[in-house]
Amino acid sequence: MRQITKFSTTLLTAALLSTSAFAADIRIGLQDDADVLDPAQSRTFVGRLVYTSMCDKLVDLDNNLSVVPQLATKWAWGDNGNTLTMDLREGVVFHDGTPFNAEAAVYTIERNMTMPESRRKSELASVAKVEATGEYQIKFTLKKPDASLLAQLSDRAGMMISPKAGKELGANFGSKPVCAGPFKFVERIQQDRIVLEKFADYWNKDNIFLDKVTFLPIPDTTVRLANLRAGDLDMAERISASDAASVKDDPKLTYGEVVGPGYMAMYVNIGNGPKANNPFGKDKRLRQAFSLAIDREAINQVVFEGTAMAGNQAWPPTSPWYNKDVPVPARDVEKAKALMKEAGFDRYEIELQHANNTTQTQMMQVIQAMVAEAGFDVKLKATEFATLLSEQTAGNYVLSRSDWSGRSDPDGNIHQFVTCKGGINDTKYCNPEVDKLLDEARASTDDAVRKEKYDAATKILDDDLPLIYLGHQAYLYATSKAVTGFTPSSDGMIRLTGVKKGS
């Protein structure tokens with residue numbers, strides 16, 4: 001009898017120790033599921049949220065969107081901006097124990113530039129070659145100066161992966177990604193969860209206080225917040241603006257908000273396969289009419305409770321890169337109707353695909369009602385977000401609603417979307433003059449020259465409308481009071497360095 005009691009006590013003690021060991025687990029509710037977990041191939045915003053915990057980059061961004069060291073400790077431009085030399089952090093290892101060094105960095109960059117499935121090619125298009133100039137030093141030689149390169153290396157193009165895993169898995173790297181970040185990959189169940197655990201040999205492990213991170217895709221904002229309140233989540237990203245007040249008033253929750261550098265837009269299929277062969281894709285007057293029928297400020301107030309910002313360009317009106325000569329258009333239904341008649345239509349039926357989350361659905365219903373007054377009969381098609389992006393890539397759409405989270409350099413918000421060979425040009429819009437202007441803006445290190453080029457490109461794009469920009473969304477967060485040390489980042493990423501979870 002005594003033995004049974006002793007055995008039971010041992011089990012209880014073990015259970016308590018086990019519970020204590022997992023007290024530093026954090027569960028984060030995401031608005032969407034990530035696409036493939038390969039920095040070379042992926043394109044979703046939520047994928048970047050996962051990478052922030054899993055895949056360190058050559059450089060990172062601070063909360064002013066300035067470039068700061070991460071796996072590269074310092075860098076210098078040379079040869080009038082035609083070379084970039086980086087000194088790398090020593091003593092870093094990948095999650096599989098492979099050392100991070102110049103050879104590994106060169107491998108990753110070359111993979112991003114040459115792998116057939118890579119979406120990073122246009123981001124690194126200015127790079128002629130990258131080479132190891134020491135065990136912990138690399139040198140980029142450029143085809144021409146590229147002011148945007150450092151910003152590109154602060155994102156997926158600069159995320160370092162294990163050469164061993166990259167060579168073994170090839171295009172299937174996303175099935176078991178191996179990076180050099182604070183948390184390593186454990187498992188993924190599509191549409192259910194992505195699980196990471198603390199990497200014991202992380203170079204900055206003394207500032208990592210969480211043992212495990214579980215990302216859970218929950219598209220419905222109401223359900224996401226309910227799960228947080230029930231204790232099934234510790235953090236919910238992109239909560240609905242309509243819930244902000246109740247989160248602020250909840251003594252068990254902490255509210256966070258930051259306006260990001262990205263945009264909300266509708267993508268028009270201009271030349272991406274057979275579905276582009278329709279009047280909306282071929283006649284810019286219909287696109288102009290559609291845009292004019294939208295009240296962007298009303299959308300901000302109705303859908304986003306005033307937390308967003310109305311917009312019509314690749315960067316917000318508060319940005320120094322915004323072209324003030326092309327202001328956010330006021331709603332003009334009569335002019336929209338006139339443009340439709342010029343194009344030969346009284347009414348026009350069009351399918352608009354969008355992600356199946358609460359906020360986007362509401363936004364699209366508002367737009368559906370607005371443009372109906374001008375003569376557009378919009379059929380809404382809600383779909384899972386990763387599927388939506390696949391359909392965009394394949395050209396299986398006429399009009400598609402998608403966000404871009406934004407980049408610190410203006411080039412990252414525009415070049416790859418609208419240049420003829422842009423890596424994320426799902427519309428397949430191609431205008432040689434726009435290419436020329438954006439290439440010249442990318443090549444200059446003079447902000448005044450760059451601004452002039454972006455202004456000229458913006459004017460053309462505002463007329464052609466391959467993308468119909470709607471505005472700029474704030475990132476709203478709700479976290480349990482048990483979570484401390486979290487600060488919303490200006491780029492919308494969830495950085496868990498310094499974050500703790502109590503009981």
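Which hand does the link of Cys55 and Cys179 have, right or left? Keep that one in mind for a moment, everyone, and thanks for coming.

Let me start with confidence. The chain has a mean pLDDT of 93, and 95% of its residues reach 70 or more. The exception I want to point out is residues 1-22, where pLDDT stays under 50. For that stretch the model has one contact beyond four places in sequence. Where pLDDT is low, the predicted coordinates should not be read in detail. Please treat residues 1-22 with that in mind.

Now to the disulfides. How many does the structure hold? There are two. As a reminder, a disulfide is a covalent bond between the sulfur atoms of two cysteines. If you count the bonded cysteines along the chain, the pattern is 1-2, 3-4.

Back to my opening question. Cys55 and Cys179 are joined with an S to S distance of 2.1 Å, and their link is right-handed, with 55 degrees about the S-S bond. This pair ties together distant parts of the chain, 124 residues apart. Cys55 sits in the loop between α2 (45-54) and β2 (59-61), while Cys179 sits in the loop between α5 (163-169) and β8 (183-189). Are these two cysteines buried or exposed? Cys55 counts as buried because its relative accessibility is 2%, under the 20% cut-off. Cys179 is buried too, with a relative accessible area of 0%.

On to the other disulfide, which joins Cys420 to Cys430, with S to S at 1.9 Å. Here the torsion about the S-S bond is about 90 degrees, so this disulfide is right-handed. Cys420 and Cys430 are ten residues apart, and each lies in the loop between α14 (415-418) and α15 (432-443).

Last stop: helix α9, residues 284-292. Why do we call this helix largely enclosed by the rest of the structure? Because seven of its nine residues are buried. If you'd like to find them in the viewer, look for Leu286, Arg287, Gln288, Ala289, Phe290, Ser291 and Leu292.

Notes: Residues are numbered from 1 along each chain as its sequence is written. This is a predicted model: local features need pLDDT of at least 70, side-chain atom pairs count only at pLDDT 80 or more; totals for chains, interfaces and linings use all residues. Side-chain values use heavy atoms; hydrogens and water are left out. A disulfide is a pair of cysteine sulfur atoms within 2.5 Å. Helices (H or I, at least four residues) and strands (E, at least two) are DSSP runs, numbered from the N terminus. Buried means under 20% relative accessible area, exposed over 50%, partly exposed in between (1.4 Å probe, protein chains only). pLDDT is the predictor's confidence in each residue, from 0 to 100. Contact means heavy atoms within 4.5 Å.
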